[in-house]
Structures are given as structure tokens and as C-alpha cells.
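Good morning, and thank you for joining this group meeting.

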Amino acid sequence: RQEAFNAIKANDTQKLEVLLRRLGHRDKMDDIAAGIGNLDLNNPAAVNQFIRKVSKPSRWDYVLELYINSILSGPKTHIINALSNTANAAASPIERGAAAGVEQVLARLQRRPVERFFSEVPADMLGAMEGIGEGVRAGLATLRNGINPAQASKWEFRQIAFRGWFGRVIRGPGTFLEATDAVNYTVNYRAALGALAKRQVRREG
């Protein structure tokens, strides 16, 4: 399945045909070929969904999907994840402020230029706020497509077992957890980007 995903990425039609036949779709090759022709190869999420549709999950896929999502379905898991994400976001500007304070002392003692700056703190906070909207969009995209856009862009195939609305319900706990992580990742990424940009500007004077 991952090989089929890579074949589509590389536009290797011969290899893809062999792999799809191996997956058990000899009688549907024309329909699959037509589907590939209409596929947007620049959209990893769409490619992922296409491979999901044409691949046959094994019995183990059903068991594993049910087992993992049953573990993630407890409220405690989501509460801990939310608290952890919030704590990480809140600790970032505090850590940067503390690092800047220590750096001021060390730089003087070692007689070298300062490498960390207090101005990174507001840059971090501003970046985080600017990342909220993008993070929400990433979270909604995860809920809609069943995969984090950041993961989809890496061209990683992810099998699903249960199909249709029933499958979305089964995978609901895992998908929701991944959606909240997508929001948190984007916010933290934008915060770090803002702080690093400010640091670079200060270093260059």
C-alpha cells in the first residue's frame, strides 16, 4: 500500500498497475486507471484517500483500528492531551525569557555577544496568536480528511479499515486527538518561527 502511494507520487504507472493487481483489483483496473487520471497528484490528502479506497484492509487492520481508538476514547486521554498542549504553549515564552536572562549574565562573563534576547518573548507570543487561525484550519482539515495535513504532505500512506460514516465514528477518538495536536503544532511552530526571526534580526544588529 505504501509502495502504491510512492508509485503515484513518482508517476510510475507500470509499477502502480502491478501493485494494484497484487492488492486484488484485477477486475477494476479500468476504473482505477480512470480514477488516477482524475487525481490531483499535488494534493497528498486526496492521493491518500484514493489509495484507501482501492486497497483492501486485512482482518488485522480492523482489529488494530478498533483497539487503538478504544484506548483513545477515554475522556482522561483527551484532558491530559489538552492540558499538555496548553502547558507547552504557556511555557514557551517563560522559557525564552529565562534563557534570555541567563544569557545576559553568561555573555558578560564570557565576553561574547549576546545570543538570546528578551524581545524573543513578545515575538513568541505574537507568533502563537497569529498561528491560531492557521492551527484551527489544520485541525478542521484533519477532522474532514482523517489525516493531519502536515503528515499528508510527507506522502505517508495510512490504511483505514472501517469505511463510511461508521468508520469515521470508530476513528473519531484518534482523529479528534490528531486534530487537537495539529492545532497545537501549528501554534507552537508559528511561535518558534517568530522568536527565531527576532533572534536573527537582533544578532545581525
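A helix here is a DSSP run of H or I with at least four residues, a strand is a run of E with at least two, and both are numbered from the N terminus. What we are viewing is a predicted model, so numbered that residues count from 1 along each chain as its sequence is written, and in it local features need pLDDT of at least 70, side-chain atom pairs count only at pLDDT 80 or more, and totals for chains, interfaces and linings use all residues. Side-chain values use heavy atoms, with hydrogens and water left out.

Let me start with the overall picture. The protein has ten helices and zero strands. Of its 205 residues, 38% are buried, where buried means under 20% relative accessible area, exposed means over 50%, and partly exposed lies in between, with a 1.4 Å probe and protein chains only. Contact means heavy atoms within 4.5 Å. Among contacts with a separation of 6 or more, 73% involve residues 24 or more positions apart.

I now turn to Glu103. This residue sits in helix H6, which covers residues 75-110. Is Glu103 buried or exposed? Glu103 is buried, because its relative accessible area is 9%. Beyond its neighbours within four places in sequence, Glu103 is in contact with Arg112, Pro113, Val114, Glu115 and Arg116. With Glu115 there is a polar contact, that is, a pair of N or O atoms within 3.5 Å; within protein, one must be able to donate a hydrogen and the other to accept it, and residues adjacent in sequence count only if both atoms are side-chain atoms. Specifically, the side chain of Glu103 reaches the backbone nitrogen of Glu115 at 2.8 Å.

The next residue is Glu120, in helix H7 (residues 120-145). Glu120 has a relative accessibility of 0%, and therefore counts as buried. Which residues does Glu120 contact, leaving aside its neighbours within four places in sequence? They are Arg96, Glu115, Ala195, Lys198 and Arg199. The side chains of Glu120 and Arg116 are joined by a polar contact of 3.4 Å. A polar atom of the Glu120 side chain also lies 3.1 Å from the backbone nitrogen of Phe117.

Finally, consider helix H10, residues 172-204. Its 33 residues reach 48 Å from first C-alpha to last, close to the 48 Å expected at 1.5 Å a residue; the expected span is 1.5 Å times one less than the number of residues. After H10 comes Gly205, with a positive phi near 80°.
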